[in-house]
Amino acid sequence: MKRNETLENYLEAIQILSLNKQGVKAIDVANYLHFARATVSVALKEFERDGYIRFERYNIFLTPKGLKIANAMYERHEYIAQLLMHFGVDEKTAYADSCMIEHDLSQKSFDAIKKATGKIIKK
């Protein structure tokens with residue numbers, strides 16, 4: 001699968017929102033990502049068509065295919081942010097930078113970073 005930063009951001013947002021509330025709706029995703037609701041609705045229809053999410057009574061759920069990507073992005077986001085904070089970066093900057101890095105870093109490089117820093121960052 002070709003990596004798609006937009007798809008990854010949406011799926012990660014749905015995953016994060018679902019951790020904190022039951023029943024994620026399109027408006028929740030729009031507010032979280034600071035996008036217009038219409039923009040989110042169009043994207044979500046596409047992601048549903050492609051099998052990454054499903055709708056049930058206006059609630060959004062990740063399919064196994066979507067959950068796999070969401071979990072990978074969430075792990076990267078959290079791990080990289082924690083690592084940056086360990087090195088002295090403030091939390092706001094660490095999370096902002098992590099959001100950019102997580103999409104461009106190969107799995108091979110991420111695995112190497114985790115292996116090299118595993119004793120620093122406890123999960």
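**Briefing: helix packing and nonpolar cores**

Helix H2 is followed by His-34, which has a positive phi near 60°. The model is predicted. Its largest nonpolar core has 22 residues, and a second, separate core has eight.

**Helix H2**
- H2 spans residues 26-33, and its buried residues are Ala-26, Asp-28, Val-29, Ala-30 and Leu-33.
- The cover over these buried residues includes helix H1 (5-20), helix H3 (37-49) and strand S2 (59-62).

**Largest nonpolar core**
- Within this core of 22 residues, Tyr-10, Leu-11, Val-29, Leu-44, Phe-47 and Ile-53 have the most contacts.
- At least two residues of the core come from each of H1, H2, H3, S2 and H4.
- H1 gives the most, with six residues.
- Leaving aside residues up to four places away in sequence, Tyr-10 touches Val-29, Leu-33, Phe-35, Thr-39, Val-40, Ala-43, Leu-44 and Phe-47.

**Second core**
- The separate core of eight residues includes Tyr-79, Leu-83, Ala-94 and Leu-105.

**Packing of H4 and H6**
- The axes of helix H4 (residues 64-86) and helix H6 (residues 107-117) come within 12 Å and cross at roughly 45°.
- H4 is therefore oblique to H6.
- Their crossing is left-handed.
- On the H4 side, Glu-75, Arg-76, Tyr-79, Ile-80 and Leu-83 meet Gln-107, Phe-110, Ile-113, Lys-114 and Thr-117 of H6.
- By class, this contact has five nonpolar, two polar and three charged residues.
- Tyr-79 and Leu-83 are in the H4 contact with H6 and also belong to the second core.

Definitions and conventions: Residues are numbered from 1 along each chain as its sequence is written. This is a predicted model: local features need pLDDT of at least 70, side-chain atom pairs count only at pLDDT 80 or more; totals for chains, interfaces and linings use all residues. Side-chain values use heavy atoms; hydrogens and water are left out. Axes are lines fitted to C-alpha atoms, for helices over the stretch in contact, and angles run from 0 to 180 degrees between N-to-C directions. Helices (H or I, at least four residues) and strands (E, at least two) are DSSP runs, numbered from the N terminus. Angles under 35 degrees count as roughly parallel, over 145 as roughly antiparallel, 65 to 115 as roughly perpendicular and the rest as oblique. A crossing is left-handed if the near helix is turned anticlockwise from the far one by less than a right angle, and right-handed if clockwise. Contact means heavy atoms within 4.5 Å. Ala, Val, Leu, Ile, Met, Phe, Trp, Tyr, Cys and Pro count as nonpolar, Asp, Glu, Lys and Arg as charged, and the others, Gly among them, as polar. Buried means under 20% relative accessible area, exposed over 50%, partly exposed in between (1.4 Å probe, protein chains only). A nonpolar core is a set of buried Ala, Val, Leu, Ile, Met, Phe, Trp, Tyr and Cys residues joined through side-chain atoms within 4.5 Å.
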